[in-house]
Every structure is written in structure tokens, then in C-alpha cells.
Amino acid sequence: MIHGNTRVYSVIGNPVKHSKSPDMHNAAFQSLGINGCYIPLEPKSDELEIICNLIRSGTISGSNVTIPYKEDVMKYVDTLTEEASMIGSVNTMYSLNGSLVGDNTDGLGFKRSLFSDLGFDAINQSALIIGAGGASKAVTAKLCQAEIKTLGVLDIDVDKANELIDHINKFNYKTKVLLVDSKEINDFSRESNLIVNCTPIGMKQDDPLLVSPEVFSSNQYVYDLVYIPSETKLLKAAIAKGANVTNGIDMLAYQGAESFSIWESVEPPYEIMKKELRNG
Ligand code: NAP
């Protein structure tokens, strides 16, 4: 029951009305009997600072951040965690002793899903990352930390791909990071052990297939961060060739559970959160 002592959490983004995060977090509060609620907020960019101030003051107990604000909020936070500065974006905020903290749980979500659940071993492997936005930053950081041998980065906006590569190269990872031209996408995909879609392409029914269906093989892993629909054209094509595939649901559940645990200092009810996402 919502009353005066209810702790209010949010996800801020624009657009955000489609987000499944409120379902997942509200189910978690309910299952643990915590007096909290989680709401979507769709601020304009000039309203971001106001919301950040409300989180700093504790009026809002914590927030997730999604497209397009993961980088924009960085200028309002007082403390960036090591993880958020390594990734270069913020998806989780909360107040600690009056200071607004910016953290990032996306990388952890991807890491658990790819390495622990799918069993991918990065050593001596190569990956193609399609898209160089906020999510790609978390994905590439985790693959480089796992010492993947080669990482190709492709984005329709070449400047964005180059910016991401410059950011990665600041950390002296062992990984060789390459800019991949869109003309090379099929050749690079064919030679990659792992292909990760970090673009929104695949969400709409008339979206194109990002790579030729011929490139996939049964010893490849294909990870689509998109989770609606649960089987994108990319995943369907990869499944047809026997590749190991997954969509973004597990990453979403893991990152949400990690944020929940940071805010409430409890073991998050991961299975309940994941079930809520799958059923929603
Ligand atoms: P973003 O910051 O907008 O980045 C997407 C990037 O992909 C942009 O640079 C975009 O370029 C580029 N792009 C678009 N179409 C392309 C194409 N055909 N080929 C190559 N590059 C292309 O978005 P994001 O925050 O990284 O999110 C990307 C996707 O991941 C979204 O669908 C999001 O919902 C999903 N996601 C899932 C999770 C999860 O937990 N499962 C977490 C985070 C994000 P332009 O900007 O020029 O279009």
C-alpha cells in the first residue's frame, strides 16, 4: 500500500512508457514486502537536473537511467563509481551521505548472462559489436575485461564508433580493438566467435536483418540486446544455422536485480524479476 513512508524509485528516459522495469521492480518490492514503488519518468533534457536534485535529496530514493540520458546525467552526479567511469555511462543513481552517486549495472548484467549463463569463454576469441551507443559501452568494457582477443566495432555513425574505440583504448586492455566499416560487416561477422547487436534494430517488424543469414554457424554465439520481440530476425537467422543465441531479457533482469540490491541492500528476488519480464 502506498503511503507517506513509501520509498519512490524511478527509471528516467525518453521515451520510457514502454519500459518493463517498473513491472520488474514493483514485483520485487511486493515479493519482499518492502514499502517501495517504482515509476517511469519521461523528463525533457532541461528537466534532468531537477530530477537528479530530487535523488540527491532523497525525495526520490534511487533511479535507473535509460536512452537517451545515460551519459547526460553524468554531469549532475557528484560521485561516479569505478564501474560507471570505466564504462563511461550511468544507469543507476542514488544518494549517499547527501552525495549523488552514479553507477552502472548494465555491464554486470551482460557479463552474468554471457559468461555465466551462456558459458562463453572470451580467451582467444573475436567479437563483432554492432552499435556504439550507451549499451555498447557496457558490453565492450566487459568483453575487454575478459581479455577477448579481438573486438570489431561498427556503427552507422563512424564518429561514434571511433569515440567508443578511443574510450576503450584509455584502459590499456590486452584486446585489439578495430573499427569495422559497414561494407565489411558480413566478412567480419563470419569470422567472429561472438556477434552482439547493440542497436535497436530488430524491434520493429520491418527492420532489416543486420547481417546476411549466410554468415552464421553452429560454433558462434549471437547476442541480441533487444528483448521485444523475444526472437528478432537476427536471432531467427542465427538459430537456423545452429548458433548459440540469447536476447536481452536476462541482461535486463540481472542489471535490474543489481540496481535493486544496491538501493535496498537486500538479496534481490532475481527469479521473480525475470519471470515478471518474461510474462509481461
Ligand atoms: P543508443 O545509445 O541509441 O545506441 C545505438 C547505436 O546504434 C547508435 O549509435 C545508433 O546510431 C546505432 N545504429 C542504429 N542503427 C544501426 C545500424 N543499422 N547499424 C549500425 N549501427 C546502428 O542505444 P543503447 O542505449 O546503446 O541501446 C541499444 C539497444 O540495446 C536498444 O534496443 C536498447 O533497448 C537495448 N538495451 C538493452 C539492454 C538490456 O538490458 N537488455 C540494456 C541497454 C540497452 P544512431 O544514433 O545514428 O541511430
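Predicted model: local features only at pLDDT ≥ 70, side-chain atom pairs only at ≥ 80, totals over all residues.

Mentor: Begin with a term. Helices are DSSP runs of H or I with at least four residues, strands are DSSP runs of E with at least two, and both are numbered from the N terminus.

Trainee: Why is N124 called exposed?

Mentor: Exposed means over 50% relative accessible area. N124 has 58% relative accessibility, so N124 counts as exposed. Its backbone deserves a look too. N124 is not a glycine, although its phi is positive, about 60 degrees.

Trainee: What makes S265 exposed?

Mentor: The cut-off is again over 50%. S265 comes to 66% relative accessibility, so S265 is exposed. S265 belongs to the loop between α9 and α10 (270-279). Phi of S265 is positive as well, near 50 degrees, in a residue other than glycine.

Trainee: Is D250 buried or exposed, and how do you know?

Mentor: Buried means under 20% relative accessible area. D250 has 10%, so D250 is buried. D250 sits in helix α9.

Trainee: What makes the pair of D250 and K274 a polar contact?

Mentor: A polar contact needs N or O atoms within 3.5 Å, one able to donate a hydrogen and the other to accept it. The side chains of D250 and K274 make such a contact at 3.4 Å. Leaving out residues up to four places away in sequence, D250 touches S113, D117, Y270, K274 and R278.

Trainee: Which peptide bonds are cis, and what is omega there?

Mentor: One joins I67 to P68, with omega near 5 degrees. P68 lies in the loop between β3 and β4 (79-80). Another joins I228 and P229, with omega about 5 degrees. P229 lies in the loop between β11 (221-224) and α8 (233-240).

Trainee: Which domains supply the pocket lining?

Mentor: The assignment gives domain 1 (7-104 + 251-279) and domain 2 (107-247). Each of them provides at least three residues of the lining. The C-alpha centres of the two domains are 25 Å apart. Their contact takes 14 residues from domain 1 and 20 residues from domain 2.

Trainee: How many residues of each class are in the lining of the largest pocket?

Mentor: There are 26 nonpolar, 14 polar and nine charged residues.

Trainee: Why is a space called a cavity and not a pocket?

Mentor: In a cavity a 1.4 Å probe fits but cannot get out, whereas a pocket is an open set. The search of the whole structure finds one cavity of 30 Å³ or more. The largest cavity has a volume of about 30 Å³.

Trainee: Which residues line the largest cavity?

Mentor: They are N197, I201, G202, P208, L209, L210, D224, T232, K233 and L234. By class, five are nonpolar, three polar and two charged.

Technical notes: Residues numbered from 1 in each chain as written. Heavy atoms only, no water. Nonpolar A, V, L, I, M, F, W, Y, C, P; charged D, E, K, R; others polar. Domains from an automatic or database assignment. Buried < 20%, exposed > 50% of the residue type's maximum accessible area, 1.4 Å probe, protein only. Contact = heavy atoms within 4.5 Å. 1 Å grid on protein atoms, 1.4 Å probe; cavity = no way out; pocket = protein on both sides within 12 Å on 5 of 7 lines; lining within 4 Å. Points joined across faces, edges and corners; volume = space filled by probe spheres on them.
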